[in-house]
Amino acid sequence: MIVEKSKIPPTWCPGCGDYAVLKAVESSLANLKRDPKDVVIVSGIGCSSNLPHFLNTYGIHGIHGRAIPIATGVRLANHDLTVLVTGGDGDGYGIGLGHFLHAARRNINLTYIVMNNQIYGLTTGQVSPTSEKYTKTKSTPTGSIEEPVNPIALALMSGATYVSRGFSGEINHLATLVENAIRHNGFSLVDVLSPCVSFNKLNTYSFFRERVYTLEGENHDAGSMEGALAKSMEWGARIPIGLFYETQKKTYEEEEPALESGPLAKQSLIFDRHLVEEFIARCWFSEE
Amino acid sequence: MAGNISVKIGGAAGDGVASSGETLARTFVRSGLYVSAYNSYQSVIRGGHIYFDIRASEEKIYSAGRRFDILIALDSNTIDIHGGNASRLIYDEKKVVCPENCPSSRLPIPLSEIARKISKNPILQNTVALGACVKLVGIDFAQLEGVLKDTFKEKGEGVIAENVSAGREGYDFAEKTFSPIPHSLTFSGKKRVFLTGNAALALGAVGAGCRFYAAYPMTPASSILHTLAAHSEKCGILTKQTEDELAAINMTIGASFAGVRAMCGTSGGGFALMTEAFGLAGMIETPIVVVVSQRGGPSTGLPTKTAQGDLNMMLGAGQDDFPRAIIAPLDVEDSFYATYEAFRLAEKYQIPVIVALDFYLSEHFETLDELRFLAPEKRDFTLLDSKRYAFTENGVSPRSIPGQEGLMFIASSDEHDEEGINISDVRASLPESQRIRERIMEKRMRKLSFIASEMSPPSLSGDVDADLTLLCWGSTFGVCREAQTILADEGIKVNILAFRYLFPLVPGTGEILSRRRRILGIEQNYTGQFTQLLTSHTGIQIKECLYKYSGEPLYAGEVVTRVREMMR
């Protein structure tokens with residue numbers, strides 16, 4: 001059985017960048033032959049966080065900003081599962097930013113796909129943490145006076161082991177990034193420039209088409225942290241997409257002693273009585 | 001002659017009060033006595049004033065006390081604060097000043113001088129005092145020696161030898177210098193478990209098949225994390241200190257969704273952060289157990305002092321209505337069983353369940369006779385229906401977990417239909433969706449009456465027809481029991497109605513209340529949060545109350561005084 005579209009049609013606006021992400025996730029899971037029963041897609045809140053509903057897998061459509069900890073719990077409970085986290089820039093780089101950094105430094109094997117449209121869409125157009133400085137929105141009528149967060153640089157500095165950026169207008173390129181991110185053993189980020197056609201009149205498809213170039217096309221060395229950091233700072237006339245950085249490190253699951261005998265979800269519920277007795281004796285019995 | 005022995009050790013943080021207290025308490029336990037011990041500390045790492053109370057008897061002890069046979073004063077401050085409540089005073093005259101008017105009999109010992117002969121470590125003076133104390137009570141030195149060997153086994157033979165000789169010196173000094181304390185205790189040497197409420201709860205979680213525990217450090221819940229972490233590898237329980245309480249509860253939900261019995265724990269401040277996700281568990285019908293160990297509030301409040309003031313928050317946590325259960329263990333032993341029960345209820349009804357402790361219950365020690373390990377109930381994830389949120393009679397729907405063939409579903413925090421499909425966006429307010437919304441709300445809420453019917457009524461101890469009923473919940477039960485005994489000796493008959501299940505209330509609670517002649521509501525908060533809950537559910541007003549919110553544990557004497565006034 002392969003992952004299919006669910007019977008629920010996406011609720012996104014026509015032309016929304018998130019359709020490309022859905023397609024990329026669907027094709028990646030199919031190419032990797034992941035059995036949908038072994039896939040869990042976790043999201044938070046926002047337009048993009050509706051994504052799990054549009055695929056035929058297990059999923060949790062959670063609460064705003066908490067998709068990563070929910071997914072971390074799933075993965076720690078059963079590391080045989082393929083666990084994806086999908087959401088938006090408000091969810092992941094705003095209200096949930098802390099969890100993103102902590103998941104990266106844990107190098108837990110989650111694939112984090114952020115549909116970054118640089119605006120709050122579902123709440124009808126307020127400034128987002130990735131909106132460019134001086135962007136005028138409903139909540140910043142005279143222009144935002146905050147610098148945008150840099151998710152690529154943050155991921156690199158926090159220990160993520162696969163750091164990439166895609167563009168919804170380059171769907172084949174995006175699908176490759178997503179597929180490799182899922183394949184990667186460790187915490188992976190795919191930040192996707194996913195235009196909001198309804199509320200972001202600045203960062204449009206044509207805005208990006210004029211600026212994006214692929215790192216692969218310029219022989220970028222994804223093994224170099226210094227090179228990746230330099231590229232992560234580039235945003236202006238040219239915007240790089242592709243794989244910034246990839247490295248192999250032990251994952252949290254591999255280093256966690258409690259997981260040595262396999263996934264927790266597959267352990268017996270009933271404890272060995274002997275273990276429990278030893279548990280008491282080790283520190284509490286007033287024994288001789 | 002006294003049927004029990006009580007000792008208080010006081011000093012500043014950093015003096016080793018808690019570890020010395022624990023050593024002495026364990027010595028009493030090992031001699032075969034029932035012991036209750038309370039570690040009172042402050043939110044400071046060095047300095048201030050802290051103390052450790054021990055009460056020991058041949059009978060089970062249910063609460064802390066205020067009078068002491070022996071006060072071990074490691075600083076002058078301790079005598080100023082507690083000198084008036086102690087019969088005897090162990091102190092070092094060279095370091096500690098005992099005022100002229102202090103009524104206790106003085107047992108000065110050159111503690112630091114003796115300790116210095118053995119080692120440069122000044123803390124060793126405490127062990128000298130413990131040795132003297134053990135001799136005064138008449139316990140064999142071998143008992144103290146055994147505890148010292150266990151306590152310091154990780155630190156090596158040298159530290160053990162120093163402590164054993166310091167204890168021996170103190171013991172011999174007391175033997176030569178002081179007369180023993182008269183009492184009627186015999187030391188049976190019977191083995192018993194000696195645990196705090198938090199440790200009992202952790203053990204209960206292990207027994208219940210908990211495989212995942214997440215927490216952010218917060219007093220007084222932190223020692224649950226420490227205890228489980230220390231045994232994590234051996235028992236296959238994954239313990240995770242998270243970046244905040246939001247992560248702790250959300251990870252717990254994720255782990256449970258994936259099929260693992262999962263728990264998180266915190267105090268009131270952390271639970272305030274968890275409330276949104278608490279509602280998520282209610283909405284997606286994922287079982288979780290949340291431990292809330294209360295301390296004085298509001299806000300940061302009294303981090304190291306006890307209270308029962310977070311009940312209203314537990315009752316109201318999360319948006320709108322969804323079913324939950326709240327169990328408040330009555331004592332240390334009950335913390336073990338209540339945790340079992342919390343897991344069982346959470347899983348059976350697919351709801352979030354709170355185990356409500358308080359600082360006193362979490363952190364004080366009690367001796368327990370035996371813990372029965374009940375086997376967790378077998379779980380069945382076989383789907384009977386193709387709909388994850390199928391409308392059923394008791395509101396509980398078939399559940400599948402990832403990796404399982406059959407039904408894959410999306411657990412959605414948005415309102416959804418029987419299959420889990422959102423009715424909140426393109427289907428919102430359609431006539432069909434309104435009906436679905438009503439029916440799924442009713443399905444979830446239906447669980448409550450089934451949960452309530454499983455809960456046993458509050459225990460009534462004492463004469464059914466007593467003139468006065470002490471109504472309490474959680475850890476104040478022990479205090480009421482002790483007060484009941486004292487009052488009985490004075491010819492005042494009271495019974496105790498102790499609530500363990502705070503929510504949902506058992507059917508018939510109104511009748512149980514209306515059968516009482518006169519009720520004194522006892523709680524450790526300002527407004528009587530549980531009494532108010534009872535009134536709102538039953539219409540019965542409980543007008544007389546004893547609400548304590550100083551942060552200190554409730555003492556039996558306070559209940560006795562109040563009852564005497566009422567019965568006058």
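# Close-up views of a predicted model: chain B and its contacts

View 1. The contact draws 63 residues from chain B and 52 residues from chain A. On the side of chain B that touches chain A, the elements that give two or more residues are α1 (17-30), β7 (193-196), α7, α9 (232-235), α10 (245-257), α11 (268-284) and β16 (410-412) of chain B. Of these, α10(B) supplies the largest share of that side, with nine residues. Sorted by class, the residues of the side of chain B that touches chain A comprise 33 nonpolar, 15 polar and 15 charged.

**View 2. Strand pairing between β2 of chain A and β16 of chain B.** Strand β2 (residues 58-61) of chain A and β16(B) run parallel and are joined by three bridges. Within this pairing, Ile60(A) has Ala411(B) in β16(B) as its bridge partner. The strand β16 (410-412) of chain B is also among the elements that give two or more residues to the side of chain B that touches chain A.

**View 3. Domain 1 and domain 2 of chain B where they touch.** Chain B is divided into domain 1 (4-190), domain 2 (195-368), domain 3 (380-454) and domain 4 (459-567). Between the C-alpha centres of domain 1 of chain B and domain 2 of chain B there is a distance of 34 Å, and their contact takes 11 residues from domain 1 of chain B and eight residues from domain 2 of chain B. On the domain 1 side of this contact, α1 and β2 (34-40) of chain B are the elements that give two or more residues, and β2(B) makes the largest contribution to that side, six residues. The residues on this side of domain 1 of chain B divide into seven nonpolar and four polar, with no charged residues.

**View 4. The packing of helices α7 and α8 of chain B.** The axes of helix α7 (residues 197-207) of chain B and helix α8 (residues 222-230) of chain B come within 9 Å and cross at roughly 50°, and α7(B) and α8(B) are therefore oblique to each other. The crossing in which α7(B) passes α8(B) is right-handed. In the contact itself, Asn198(B), Ala199(B), Leu201(B) and Ala202(B) of α7(B) meet Ser223(B), Ile224(B), Thr227(B) and Leu228(B) of α8(B). By class, the contact of α7(B) with α8(B) holds five nonpolar and three polar residues but no charged residues.

**View 5. An open sheet of five strands in chain B and the helices on it.** The five strands follow the order β17-β19-β18-β21-β22 (chain B), with mixed pairing. At the edges of the sheet are β17 (459-461) and β22 (544-547) of chain B, each of which pairs on one side only, and neighbouring strands are turned against each other by 20° on average, direction ignored. Within the sheet, strand β18 (residues 468-473) of chain B runs parallel to strand β19 (residues 494-499) of chain B and is joined to it by six bridges, and Thr469(B) stands opposite Asn495(B) in β19(B). Helix α16 (residues 476-489) of chain B packs on the sheet, where it touches β18, β19 and β21 (519-523) of chain B, and its direction makes about 175° with that of β19(B). Helix α18 (residues 529-538) of chain B lies across β18, β19, β21 and β22 of chain B and runs at about 130° to β21(B).

Note on methods:
Residues are numbered from 1 along each chain as its sequence is written. Chains are lettered from A and ligands numbered from 1 in the order in which they are written. This is a predicted model: local features need pLDDT of at least 70, side-chain atom pairs count only at pLDDT 80 or more; totals for chains, interfaces and linings use all residues. Axes are lines fitted to C-alpha atoms, for helices over the stretch in contact, and angles run from 0 to 180 degrees between N-to-C directions. Helices (H or I, at least four residues) and strands (E, at least two) are DSSP runs, numbered from the N terminus. Angles under 35 degrees count as roughly parallel, over 145 as roughly antiparallel, 65 to 115 as roughly perpendicular and the rest as oblique. A crossing is left-handed if the near helix is turned anticlockwise from the far one by less than a right angle, and right-handed if clockwise. Two residues are in contact if their C-beta atoms, placed from the backbone, lie within 7 Å. Ala, Val, Leu, Ile, Met, Phe, Trp, Tyr, Cys and Pro count as nonpolar, Asp, Glu, Lys and Arg as charged, and the others, Gly among them, as polar. Two strands pair if DSSP finds at least two bridges between them. Domain bounds come from an automatic or database domain assignment.
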